[in-house]
Amino acid sequence: MTLAGRVALVTGAGRGIGKAIAHVLTARGMAVGVNDGEKISAEDTAEELRRAGGRALALPADISRKAEVEAMVERAENELGPLWLLVNNAGVFFSGPTVDMSEEAWDRAFEVDAKGVFLCSQAVIRRMLPRRAGRIVNVSSIAGIIVRTNQIAYCAAKAAVVHFSRCLAVELAPHGITVNCLCPGMTRTPMLVEGARERGMDLAEMVRLIPAGRMAEPEDHAHLVAYFASDEAAHVTGQVVAVDGGQSQYLPLVRPK
Ligand SMILES: NC(=O)c1ccc[n+]([C@@H]2O[C@H](COP(=O)([O-])OP(=O)(O)OC[C@H]3O[C@@H](n4cnc5c(N)ncnc54)[C@H](O)[C@@H]3O)[C@@H](O)[C@H]2O)c1
C-alpha cells in the first residue's frame, strides 16, 4: 500500500487504539501528527515513533475546543506537510443508568465523541478540498450500531459518528475525499480495562459473548485504518465496518440484566 511519505493526524493517539494506529501508519512510512488531550501522552507516543525510525510530531489539544483544533491542524500542516489522512479516534466513555446520568456527563460525551469529530473534520477538509484528495476515518464503536444498556450518552454519541460519517462521505465524494467509519468491539485498551475494573465487571465473562473467543487488540483496528487510507481503497467511502470478532452479529439467548 502506498502510504509512504504521506502525512496523517491521529487524535487520542497517546494510548490505546490511537497509539496502535500511529505505530502501524509509521511502519508504513507515514509522518504522523500525534494528538492527545494529555500532553505527556502525546509526547511519549511521538517519541516512541521517532525511536522506531518514523517522523512524528506531538500535537496536544482538546479536540472539543475549536481554537485548539484549528491551531493543531495548522501546526500539523506547517511542520509535517499537507494532511492526507485524519483519524478521528479520541473518545470518552460514560456509563450508568440513564436516570442517574448527569447533564455534565451527557454534554462531555457529545462534546468529545461527536463534536470533536466534527471540529477536526471541518478543520482538515477545509485544507483537503482545494487539493481534491484526502481520507478521513472516524472511530465509532459497535455501541453506535447495536444497543448496550446503561451507556446511553456513549451509544447515542457513537451512533451520531456513524451517521455523520455516511453524510460526510456523500458530501465529499465528488471532491475526491473518502470518509469511512470503524466500529471497534471490545478492545484491550486502558479505556476498556480500567472501565471494567471500576464497574466490577468480569472481562472473561464479557469475552464469552464474542464469537471469535477473544477481545480485539488495538492493532486489529490499525490495519483497517491503513487500508482505508490507501490508494487501493480510493472507491471505498461511506462504509461502516465493525472489527469485533463477530460480536455485533451475535444474538445471545439470554435476557439483558
Ligand atoms: N476499547 C474499546 O473496547 C473500544 C470499543 C469501541 C470503541 N472504542 C473507541 O475507540 C477509541 C479509542 O479508544 P481506546 O479504548 O483506545 O481509549 P483510551 O481511553 O485508552 O484512549 C483514548 C485517548 O483519547 C484521549 N482523549 C480523550 N479525550 C480527548 C480530547 N478531548 N482531546 C484529545 N484527546 C482526548 C485520551 O487522553 C486517551 O489517550 C475511542 O473513540 C473509543 O470510544 C473503544
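Mentor: A salt bridge is a side-chain nitrogen of Lys or Arg that lies within 4 Å of a carboxyl oxygen of Asp or Glu. The model is predicted, so local features need a pLDDT of at least 70 and side-chain atom pairs count only at pLDDT 80 or more, while totals for chains, interfaces and linings use all residues. Residues are numbered from 1 along each chain as its sequence is written, and side-chain values use heavy atoms, with hydrogens and water left out.

Side chains of opposite charge can pair when their charged atoms come close.

A second pair is found within one helix. Helices here are DSSP runs of H or I with at least four residues, strands are runs of E with at least two, and both are numbered from the N terminus. Arg-50 and Glu-47 form a salt bridge whose closest N and O atoms are 3.2 Å apart. Both residues belong to helix α2 (residues 39-51), where they are three residues apart, about one turn of the helix. Arg-50 has a relative accessible area of 37% and is therefore partly exposed; Glu-47, at 35%, is partly exposed as well.

The pair of Arg-126 and Glu-70 bridges two helices. The closest N and O atoms of this salt bridge are 3.1 Å apart. Arg-126 is in helix α4 and Glu-70 in helix α3 (residues 66-80), so this pair ties together parts that are 56 residues apart in sequence. Arg-126 is partly exposed at 45%, and Glu-70 is partly exposed at 21%. Salt bridges can also be linked: Asp-62, Arg-65, Arg-108 and Glu-111 form a network of them.

Arg-108 leads us to Phe-94. Phe-94 sits in the loop between β4 (83-88) and α4. Leaving aside residues up to four places away in sequence, Phe-94 touches Met-101, Ala-105, Arg-108, Ala-109, Gln-151 and Tyr-154, where contact means heavy atoms within 4.5 Å. The C-alpha atoms of Phe-94 and Ala-105 are 6.8 Å apart, although the two residues are eleven places apart in sequence. Phe-94 is partly exposed, with 24% relative accessibility.

A residue is near a molecule if one of its heavy atoms lies within 4 Å of it. There are 30 residues around the ligand, and Arg-15, Asp-36, Asn-89, Tyr-154 and Thr-189 come nearest. This shell comprises 13 nonpolar, eleven polar and six charged residues. In that division Ala, Val, Leu, Ile, Met, Phe, Trp, Tyr, Cys and Pro count as nonpolar, Asp, Glu, Lys and Arg as charged, and the others, Gly among them, as polar. At least two residues each come from α1 (16-27), β2 (31-36), α4 (103-131), α5 (152-172) and α6 (190-198). The element that gives the most is α6, with three residues.

The backbone also takes part. Thr-187 has a backbone N or O atom 2.8 Å from an oxygen atom of the ligand, and Ile-63 has one 3.1 Å from a ligand nitrogen atom. A polar backbone atom of Ile-17 is likewise 2.8 Å from an oxygen atom of the ligand. The protein covers 93% of the 830 Å² of accessible area that the ligand has on its own, an area computed by the Shrake-Rupley method with a 1.4 Å probe.

One backbone detail remains. Most residues other than glycine have a negative phi. Arg-132, however, has a positive phi of about 55 degrees, and it is placed in the loop between α4 and β5 (134-139). Asn-150 has a positive phi near 60 degrees and is found in the loop between β5 and α5. Asn-150 is partly exposed, with a relative accessibility of 42%.

Notes. Polar contact = N/O pair within 3.5 Å; in protein donor to acceptor, adjacent residues only side chain to side chain. Buried < 20%, exposed > 50% of the residue type's maximum accessible area, 1.4 Å probe, protein only.
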